[in-house]
Structures are given as structure tokens and as C-alpha cells.
Amino acid sequence: MSDRSVSKPVAVRQVAGAANPREDDPVVGNKNRWSRAVFAFDGLSAGQWYEFSAYVICASVERALEAQDLAAIGVAFLTGDRSEIDFARVPGLIRTSTDAHGAWLSGPRAAGGPAGARSVPVRLCFYLPAPAAEVAILIRSWRNTRPFRVVDPEIRPTGRRTPSAGDEAAGPPQGRLFQDGRIVLGPQPTWFRHGLVPGRALVFRGQVIAQGRSEGALAQIRFRDADGDPIPPPYPDTLATLSVPAFLDIPVHRQAYRFTLKVCPPPDAATLDIGFATWEGGGDLALTAAPDVLLDDDLRLANLTDDADPGVEAVLARLLGRLAPPDGGARAASIRPFLDLPLLAERPSPLRSFARLRDGPDAHGWAEGAIRLAARPAWRLPEAPDWAADPFRSQAWRLAFQSLAWTWAAAESPERGVRERAVAAALSWSRANPWGQPADTLSLHPACAALRLEAMLSLLEAAARDAGEAEEPAVEILGGEVVRHAAALAEILAQHTVAGSLLELQVAAALLAAGLALPAFPMSRHWTHLAVLALRSGFETMIDPGGGVAEPSYHRSLELLTLALILVPILAARPELAPLAELLDLRLPAAWAGMIALFEPDGALPPFDARPDHADRHRWLERLAAAHARPGMALPVPGQSAGGGGAAAGASRPGTLIVRRPDDGAGWSAFTADFSAQVDPQDHRDCTAFTFATGGLRWITEGEGQHVATARAHNVALPDGREPGVGAGRAREALRLGDATVYRVETTVHGPDYRHVRTFVLLEDLSGIAVFDRFATRERPLAVEGFLHLDPAATVALDASRRVFGLCGGRRLHILPCTLVGRFDDLALSRDGLAPRSGHGAHGGPVLRYGLSGTGIVEGGLLIAASAGSVDRLTAAVEGQAFQQTRTP
């Protein structure tokens, strides 16, 4: 839309490509991950958002045109002195299988693309954090079966930049759009506490970034014994000054400097406090992220296995042979000296507690030889289980099966025979899954492994209790599995592989359980402190001090807050962990208030972003409130929600517009719109999507169950067929017009070529709403396509006058097109084309597609009302002079 500069690559390089049909068009071959084209761009300005664009043209015989991951895109960031920067995260990008920052490129026929399409536009928006000045963009082969061409690669600023105080021109102020995870350093250290494996060093790997001249950084060192008392320096291999008694120096000679620090403990050291700081004030230094924390190489899982004997008993034996003897005695040859049965029996099980509260105590069952998982029918477990089984062709079922969570109740059964069957199933799983040779690769997923760790702890306690003093191989095998799983999850957390996600919190919760259950094991203190660091970092990232939840999915937000409530008493009961419980206590009340406000009067949760099927969230909250009662957690009684208007942002959940009406005799009503930030490429393209219910009937919905991210599966509009990208919406002040209220939301999700405003007009009694989109671009033809997804229970008809009628429960919904600028082109009804499907195979509802067009500016949309009278009131509001005067952005 503007004359913002467009840059072509200063260098193009091909690796393992194919013969070029045209010299100017790089070709990416089909050697998975090795074939790639690299485009270098320099002269960029840090603190800005950029858009990389190109076209990928596939071969006519390409067989992966419908793949969601036809190719991978990677982005490397370089400073002006050509140092590469390892940012913790970059808004707009995700970690792929091969690149720290990147995205996946869908095939041209994925997510409803035209049947004959062979080309796909590439549009990747990302933030350029300081001090980056150059980027190298890699387009890499992944699923493609034939080489493809990359045409017209270029990059340009979008106009969004890091907002400064009082800078209203900087665009939406959502912090997630400008956060790269750096830890700013100053003269006062930023401290991290780590548990030590007795007699073993810790290795820290990280990176310091510098803007301007600096004297460098340092890492201050403090050790404590098992009682928490300081151990005075000197310490091995550390330096000292009069003011800093023990430190390691981190010289910074470039704008981005990678460092490796090996910290060796003195005798009797149990914990290490390491604090990163600058030598002088006023310097501009930062860690790109919390440093990775590594044990000695011989204690890492990859070095504890032997291809000749990969079984878990051998892994445990090698590890025990390398650990320092407890209290200076003989090296342990068994897991038994480290087991304390009373402590093991009283261990916390946060993930099990979470599953019981979310799904109910009987959701996963094992009875009469059959298991019931993931809402599927009961499946008889063979005497010799096939651990690659997939009887329902369901990923959710496989994850539940591999987690062994269905053995929890059996492991705690009062009947010894039931316990023994559970132990036998776990032993069978262990034999079928030696290290590096999984029977089902889904068993390696961190969420699955975390659940299985808790299950193994329960099974270990059952086996040890039943064995008594007798030697029992099952105890060694299950103990080995606990150690193997805990070590694997610890390495995931130590390297920040899943940082800043609900998955990180789940992994950390399971690792915390293992550390607390086996306090005598030499690695337990290391596990516990890693878990606590990850929990603190994760919750601080996901729940801000005001209670705002960063997770875009409402369902996963509810999971996040449920897990937090479960962890609070576990942490509060232990003095060394209590500070984290106090932090959660400060943030949870506001977060829960925002969560409860999202529920509609009938107890439903608007299905924005990914929404796994769940039978009854109302009972979920009832179970949670009974177990962890807190003020403000109760849902309103169905049909009796509080009246009053909605709030466009802030108090309930940032980036939402929530309006509810109680049942006044004609049924309750509810409207929810979400315009929160789309930060990751895999986020659902649903900025400004909305749901609407009136008269006690849900009419406009986002569909049932897990669904695709494309904008066409949401109630949004898009210009010129272009999918929205990273960005956010910002609400203007609401405007009252008689018995209607106007809400306007400006968005940045459509890139620098368009200015976009979505307007909602809501009648006071919520008997009708209007939705309009205004797109402005250069003086050229412009086409806009909008989508409206109706509830599956609704029957929809379109008459010759372009009026749409919905019928449900004996009531009618009126839907009328309305054009403000440009022309209304067409209305079309379909069923199932782009609508979501539930996890149980139920079909999605009717989909209304509407099109508008014009030159330079297009504005229009739909009037949606429960009666002809409400249509008239909406029409009067929209055609009134007061509304017309507010329309220009």
C-alpha cells in the first residue's frame, strides 16, 4: 500500500539443488533437508517487522501438493560484524526440525487450495530483534518429491516497529510481538540456582549480545551445601577480585559472542548459584536466553547406551557405575538403596491429578482385560501386547496407549494380582522399547514421556512394595525406566527445547515429581532444580503479572491454569519451592477471572484456535473448584449470567470482546470476538473471528473439535485470496449509537499492502449483530472474501434476493449482505467444504462464503439478526449519520 523499500537478495546460493531451467530462478531439489536455496539480505534495521515473499512453483508431477509441510523455511540472523545470533525466540517464527527459527510451507493444494494449483505464495512476516542487521533465509526440501523453483524472492519492512513510550504510530502494543526472550544484564547479577550431581561439574553454554562498546560480562559463582549453608570460596578454577570473591569471566569481543563455562564444585557442594552480570553500568549487554545446562558427557543418555545391550537394566548399571558413591561408600549396584517407600508412596503426581480433574476419574479405564482410551471403544489388551498397535487409526489413542497412564489405577489397586498385571504391562513396554528403538515413535513425544514417567513411578512403588526385601528384577527395570525417562526430560529442559509452552510446564511437572520421589538418588537434586527453573520461566512467560494468558487456545489456557492450581500446594509445602507458589498465587486470581469470563451462559467455551474435543468443561471446573477452591472460579448458573456490555480488551482477557446477556425469557445470548496476537506461523488465522448465540441457540461458531489453521476455517475475511499472517488487532474506543454499540478493531495481520478494520455493531439485547470489513490498498482492483461458519444443528437456505435464512429449534436467523464501499459480488453456501470435523467424525456445519470487490477500498459485510425487527434496527443503526461519520479509519 505504501512505498516502503523492497530489497532483493544480495546473494543466492543453492545446495544439493537441480539443474536450473532459468538462471534467475533457484531450484530446490528433493533431497530431504539437504536440498536448499539460501537468500541473503543485508542493510536491515533492527526493531522492525519484515515480510519475506516469494513464489514456489512445483513440478506438474509433484505428489506432495496437499502436504502441510511441503518445504521448510529457516531464518538465520547476523549482526553487522557477521556474528550469528542465537535468539531464544523470534516473533513470527517457530523451531522446525532443522532450523532454530523458521516455518513450514504448505503445498498449493493444502487447506482447500484449488485442485489444479501448482504454485504457492510464500509470505513470511517476522520481527528483526537488535542487533541483527542481516538475515539468511533458507528454503529447504522436506516432503516434495520433485524439485521446485523459487521465484521473485524479496524482503521489505512492514511498517511495524518496536513501540516506545507514548508512540501510538508504532502499531498494536501487544508485547508478544516484540519479545525475543533476551535477559538484559546489568551490574546486579541475574541468578540461576542449579542442583548438582555429587562430585560432578556443570557446563553452561550461552550467548551474549552487545550493542556498543562493553567491558564484557562475568558469571558470579556461589556454592551451598545440602543444608543450604554457603560454602566460602575459593572454588576450583574460578577468579576473584576484592569485590567479587568467585567468578568466571565472559569476554565480549563481537556483537554476538558464544561462551562455554565449566563450573567445578568443591567437596560437599549440593547447589550452585550462578549470576550473570556486566562489569560496568550503562553497558548494553544481554543473554540471548537462559544458558543451556549440561552434565558431564559420560552422564548423558546418548553415552549411557550400548548398541550391543540397549536395555534399560544395562543403562542403569552404567549410570550407577559412573556416579559418585553415596557418603563415600561403595558404588551402588542397584536402584534399591535409593528407594524410600514411604516417600515414594507420598510422591506428588501433578499430571495424574490434572488428568483426573480434566477428564474425570473414569476417563481412562482398564477392566476385564480391556483398556478404554481417548474416548474410543474398549480395546482388549493381548497377553503379549503389540506396542505398535493402532487399532483406531488415531494419534490421540496412540499417545494415550504409549503413555501407560491407563495403568495408574491398577498400580494402586488393593489386589496384588491387579498390581502385578500392571507391572507386567510396563515390563513388556520396556522390553519392546530399548533406547533409540521405539516400537512407536509417538512414544518419544515429550508429553507422552512425561505421563509415562509418572506412571513408571507409580508402578515402581507397587513393584517395590510387593517385592519386600526379595530381589525382584521388576524393581530394577522400573527403576531404570524412571531414571531413563527423568534423564531424557531433564535434557529437554536443560536445552530449552520446548521453552515457553504448556508442554514445557508438563515436562517440568513430571520431572519435579521424579526428583521429589527419589531424593536420595544422586541426580534428583539436578532434576528438581531444572524443573523449578522451567516452571518459573514457563509460568512467567505464559501468565503475565496482570493475569493475561499468552496461550491463544482457550482450551489450552484452561489446561495451563488447571496445572498451575495443582502445583501451588505441591510447591508451597516445601520451603525451598515456596517462592514459586507465591508467584503463582499473585497471578492466578486475575488469570482465572479472565478465564471464567470467557465461558458462555450454557457453560461452553468459545472454540478459538486449536480446540480438542472435551465432553464437559463445566464438570471439569466443578471438579477443580472442589479440589482447589478459590474465589471467582465458579461458573455462572446457566441462563443467569450477569448483564451489561462487553469489554473490548484488558480486564477479562487481552484481545477479546466479550458480551453476554442473561435469559430474559427469550433465551440467553452471547458474543465473543478474538483479536489477540498471532505470533507463531502455526497459530490459527482467526484474528477478529467471532461466535454468536441468541435466543438460547448457538448460531455462529468456529466448529467442533481440532481444526485446520487456515483463515477459511474461521469467521474472518481475507483480501485477494491472501492468508493472514503474524500480527494482532487493536480495539478502538466503543461508540454507543442508540440501542446499538459499535466496536472497531484495527489489525496488522494482512501485511503492509493493506489497512484493515473490522467493525462489529451489536444490538443492546444481542438479538442481532453486524460485521463489516474495510480493506484499503493502492488504487487497484481489490477482492475480499469472507466466511461465516454456522452451527452443525442449523439448516441454512439462500433465496433469490440474496437473503440467507438459518433454521434451528423452531427459530429463524436472518443474514443479509450489506455493502458500504464497492460492490457485493456473490453469496455461496456449502457444507463440510472447509468446516471443521470433530474428533469423533461428526461433520461441520454450513459455511457461508461472501465476496466483495472494488478499487482501492472495499467495505462491507453481513447483518445477522434473530428477527425482522432486529434486522430493521441494525439497518437503521448502520445507515444512520452517526455511524457513517465513524467509518473512515
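Arg-82 sits in the loop between β5 (71-78) and β6 (84-85). Strands here are DSSP runs of E with at least two residues, helices are runs of H or I with at least four, and both are numbered from the N terminus. This is a predicted model, in which local features need pLDDT of at least 70, side-chain atom pairs count only at pLDDT 80 or more, and totals for chains, interfaces and linings use all residues. Residues are numbered from 1 along each chain as its sequence is written, and side-chain values use heavy atoms, leaving out hydrogens and water.

**Backbone exceptions**

Most residues other than glycine have a negative phi, and most peptide bonds are trans. Arg-82 has a positive phi, near 75°. Arg-82 counts as exposed because its relative accessibility is 51%. The cut-offs are under 20% relative accessible area for buried, over 50% for exposed, and partly exposed in between, with a 1.4 Å probe and protein chains only. Leu-766 also has a positive phi, near 55°. Leu-766 lies in the loop between β32 (755-763) and β33 (768-789). Its relative accessibility is 0%, so Leu-766 counts as buried.

Two cis peptide bonds can be listed here. One joins Ala-130 and Pro-131, with omega about 5°. Pro-131 is in the loop between β8 (119-128) and β9 (134-141). Another runs from Pro-233 to Pro-234, with omega near 15°. Pro-234 falls in the loop between β15 (230-231) and β16 (247-250).

**A buried aspartate**

Asp-273 belongs to strand β18 (residues 271-278). Asp-273 is classed as buried because its relative accessible area is 7%. Its side chain makes a polar contact with the side chain of Arg-193, at 2.6 Å. Another polar contact, of 3.2 Å, joins the side chains of Asp-273 and Arg-224. A polar contact is a pair of N or O atoms within 3.5 Å; within protein, one must be able to donate a hydrogen and the other to accept it, and residues adjacent in sequence count only if both atoms are side-chain atoms. Leaving aside neighbours within four places in sequence, Asp-273 is in contact with residues including Trp-191, Phe-192 and Gln-220. Contact means heavy atoms within 4.5 Å.

**Aromatic pairs**

The structure holds 27 aromatic pairs. Rings of Phe, Tyr and Trp (its six-membered ring) pair if their centres lie within 6.5 Å; planes under 30 degrees apart count as stacked, over 60 as edge-to-face and the rest as tilted. Two examples follow.

| Pair | Centre to centre | Angle between planes | Type |
|---|---|---|---|
| Trp-379 and Trp-397 | 5.3 Å | 85° | edge-to-face |
| Phe-521 and Trp-527 | 5.7 Å | 20° | stacked |

Trp-379 and Trp-397 are both buried, and so are Phe-521 and Trp-527. One aromatic cluster is made up of Trp-366, Trp-379, Trp-387, Phe-392, Trp-397, Phe-401 and Trp-406.

In soluble globular proteins, nonpolar side chains tend to be buried together. The largest nonpolar core has 159 residues, and Phe-276, Phe-401, Leu-512, Phe-521 and Trp-592 touch the most other members. Apart from that core lies another, of 40 residues, among them Phe-671, Leu-782, Val-796 and Leu-852. A nonpolar core is a set of buried Ala, Val, Leu, Ile, Met, Phe, Trp, Tyr and Cys residues joined through side-chain atoms within 4.5 Å.

Ala-508 is in helix α9 (residues 502-517). Ala-508 counts as buried because its relative accessible area is 0%. Beyond neighbours within four places in sequence, Ala-508 contacts Leu-493, Ala-531, Ala-534 and Leu-535.

**A four-stranded sheet**

An open sheet of 4 strands has the order β24-β25-β26-β27, with antiparallel pairing. Its edge strands are β24 (656-661) and β27, each pairing on one side only. Two strands pair if DSSP finds at least two bridges between them.

Strand β25 (residues 669-674) pairs with β26 over 5 bridges. Asp-674 has Ala-689 in β26 as its bridge partner. On the other pairing, 3 bridges join β26 to strand β27 (residues 697-700). Ala-693 stands opposite Arg-698 in β27, and Thr-694 is partnered with Leu-697. β26 and β27 form a hairpin with 2 residues between them, and Gly-695 in the turn has a positive phi of about 65°.

How many residues of strand β26 (residues 689-694) are buried? The count is 6 of 6. Ala-689, Thr-691 and Ala-693 point one way, while Phe-690, Phe-692 and Thr-694 point the other.
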